[in-house]
Amino acid sequence: MEIARNNDEIGKCDKARRYAEAREVYRSFGVDTEVALEKLSKVEVSMHCWQGDDVVGFDSKEALSGGIQTTGNYPYRARNPKELMEDIKKVISLVPGAKKLNLHASYAIIEEGETINGRKVDRDNILPKHFKKWVDFAKENDLGIDFNPTFFSHPMVKDGLTLSSPDEEVRRFWVEHGKRCLEISEYFANETGKPCLMNIWIPDGYKDIPADRLGPRARFKQSLDEILSIPYDKTKVFVCLESKVFGIGVESYTVGSAEFCMNYVANAGITPLMDNGHYHPTELVSDKISSMLLFNKRLALHITRPVRWDSDHVILFDDETREICKEIVRADALDRVFIATDYFDASINRISAWTTGLRNLEKALLYALLEPSSLKELQNKSDFTKLMVMQEKLKELPFGDIWQEYLRREGVVDDYYSEVARYEKEVLSKRVDSFENVSANETKENGRDKSGMVAADETFISAYDIE
Ligand SMILES: C[C@H](O)[C@H](O)[C@@H](O)C(=O)CO
Ligand SMILES: [Mn+2]
């Protein structure tokens, strides 16, 4: 049985009727869907650039390090700025809502053999000009830019350490990197006219029980102080600090722990960044947001999906993603919570992975915006019986029809799968000209040969044709 190419093929009148009916249903719960749609279209989600190339970047092309890992051997990863920009544009066209671009310093575009004052261009001396093409790209696509110094995948990461290193040469190198990134962040803000969030995350830690926990944290603190000592425009660059619980190979001790980061942020007057993969599996970031908002002017988030660890799976429209979004909306904090995505899956088509995660985040935001405020009143009246009944009832409402209306207004297709399949066939599969386009974990598994060629037609035998 052919399943209709879902909602894109359902008549426009039918969709309009369904939206009108759904609107009435929500109205009966005290929710104005028009207000929700209007608010959602203005929320800027910062789209991470690193799903497109498995976090490889363009500068050192070192294997991914820092206790994070991309797994999977799907071919066609973007290998250069042109391909990555091409892919980002494709994803943007498939995701509704306003976006920013989130870049890492490792995506600097440096000329072959380029030097500055006789030294090769490296992370400690990169300049705004190495991101000029990204600025042009952002302007062409009406995007602001957020930024991240890259403290991993580089030969100056010594024994897994960067800003906390006891080796002064190593520590200095990374302090200089942080300073260069502040300058580049201000350049982004000036060029795009939108504030730039600059997020600092370091992988530093120890695999086994350390003999000194204080020393590395003291050096990290000193390094951050040094980076932030250079003048920068605090109305244009919002510096964030991202904590973590542990990484692969760094299981016993993480320098930038939650307590370190929360205290540093509070003292320095910068912004905390919470990645929902960076806590123990039973801890929920959705439960932390309200506390953070009470004590911080701004809060930054990395939305991901941790499966047993910080696995960075593609975001689903799951309970925790919805709950995170509800907490932001309930606190009326859409203007002071900075939402970014952070996941990387190399086991499936990367355009689809990127798009699916971003769309699910948009969906979760819409879902949150459609929550009736009367639920709070039930809690305050201690009417927990009705609260539970209502919370379950809301799951039955015609949310899908409101989502369809949002896609229509944003000019985005519902059936992005077919578009991804077409793009794989017409664009991605043409990238097969070297082994490079296969991820670092390339094997002969899954019917792919050494060229990375995959039978695109077979792969995308439409899911809509399932018997
Ligand atoms: C590539 C990202 O910056 C990185 O994933 C970081 O944000 C993180 O979450 C590390 O676990
Ligand atoms: Mn993160």
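**Around the ligand**

Guide: Start with the shell around ligand 1. By class, it holds four nonpolar, two polar and five charged residues. Keep in mind that this is a predicted model.

Visitor: Which residues are around ligand 1?

Guide: They are Trp50, Val55, Ile68, Asn148, Trp201, Glu242, Lys244, Asp275, His302, Asp310 and Asp342.

Visitor: Which residues does the UniProt "binding site" annotation cover?

Guide: According to the unreviewed UniProt entry, His278, Asp310 and Asp312. They span 35 residues in sequence, but no two of their C-alpha atoms are more than 10.1 Å apart, so they gather at one spot.

Visitor: Where is His278?

Guide: His278 sits in the loop between strand E10 (271–275) and helix H8 (285–295).

Visitor: Is His278 buried or exposed?

Guide: Buried. His278 has 26 other C-beta atoms within 10 Å, and the cut-off for buried is 20 or more.

Visitor: What is it in contact with, leaving aside neighbours within four places in sequence?

Guide: His278 is in contact with Ser243, Lys244, Val245 and Asp310. Lys244 and Asp310 also belong to the residues around ligand 1.

Visitor: And where is Asp312?

Guide: Asp312 is in the loop between strand E11 (299–303) and helix H9 (319–330). Asp312 counts as buried, with 27 C-beta neighbours inside 10 Å. Beyond four places in sequence, Asp312 is in contact with Gly277, Thr304, Asp342, Tyr343 and Phe344.

Visitor: Let's stay with strand E11. What about Ile303, buried or exposed?

Guide: Ile303 lies in strand E11. Ile303 counts as buried because 27 C-beta neighbours lie inside 10 Å. Outside four places in sequence, its contacts include Asn276, Ile315, Asp342 and Leu361.

Visitor: New topic. How many residues are in the largest nonpolar core?

Guide: That core has 112 residues. Those with the most contacts inside it are Ile145, Met198, Cys240, Leu301, Leu365 and Leu366. Helix H10 (residues 350–369) gives the largest share of this core, 11 residues.

Visitor: Why do such residues end up together?

Guide: In soluble globular proteins, nonpolar side chains tend to be buried together.

Visitor: What does Met198 touch?

Guide: Not counting residues up to four places away in sequence, Met198 touches Phe147, Cys181, Leu182, Ser185, Val237, Val239 and Cys240.

Visitor: Now helices. Which residues of H14 are buried?

Guide: In helix H14 (residues 416–426), Tyr416, Tyr417, Val420, Ala421, Tyr423 and Glu424 are buried. Seen down the axis of H14, they fall within an arc of 165°, so they line one face of the helix.

Visitor: Why can residues apart in sequence point the same way?

Guide: An α-helix has 3.6 residues a turn, so residues three or four places apart point the same way.

Visitor: Which exposed residues does the other face of H14 carry, the one turned away from its buried side?

Guide: Arg422 and Glu426.

Visitor: Last one. Which residues have a positive phi without being glycine?

Guide: Asp54 is one of them, with a phi of about 60°. Asp142 also has a positive phi, near 55°.

Conventions: Residues are numbered from 1 along each chain as its sequence is written. Chains are lettered from A and ligands numbered from 1 in the order in which they are written. This is a predicted model: local features need pLDDT of at least 70, side-chain atom pairs count only at pLDDT 80 or more; totals for chains, interfaces and linings use all residues. A residue is near a molecule or strand if its C-beta atom, placed from the backbone, lies within 6 Å of it. Ala, Val, Leu, Ile, Met, Phe, Trp, Tyr, Cys and Pro count as nonpolar, Asp, Glu, Lys and Arg as charged, and the others, Gly among them, as polar. A residue is buried if 20 or more other C-beta atoms lie within 10 Å of its own, exposed if 12 or fewer, and partly exposed in between; C-beta atoms are placed from the backbone. Helices (H or I, at least four residues) and strands (E, at least two) are DSSP runs, numbered from the N terminus. The arc is that of the directions from the helix axis to the C-beta atoms. A nonpolar core is a set of buried Ala, Val, Leu, Ile, Met, Phe, Trp, Tyr and Cys residues joined through C-beta atoms within 7 Å. Two residues are in contact if their C-beta atoms, placed from the backbone, lie within 7 Å. UniProt positions are given in the numbering used here, feature names are shortened, and annotations may be inferred rather than shown by experiment.
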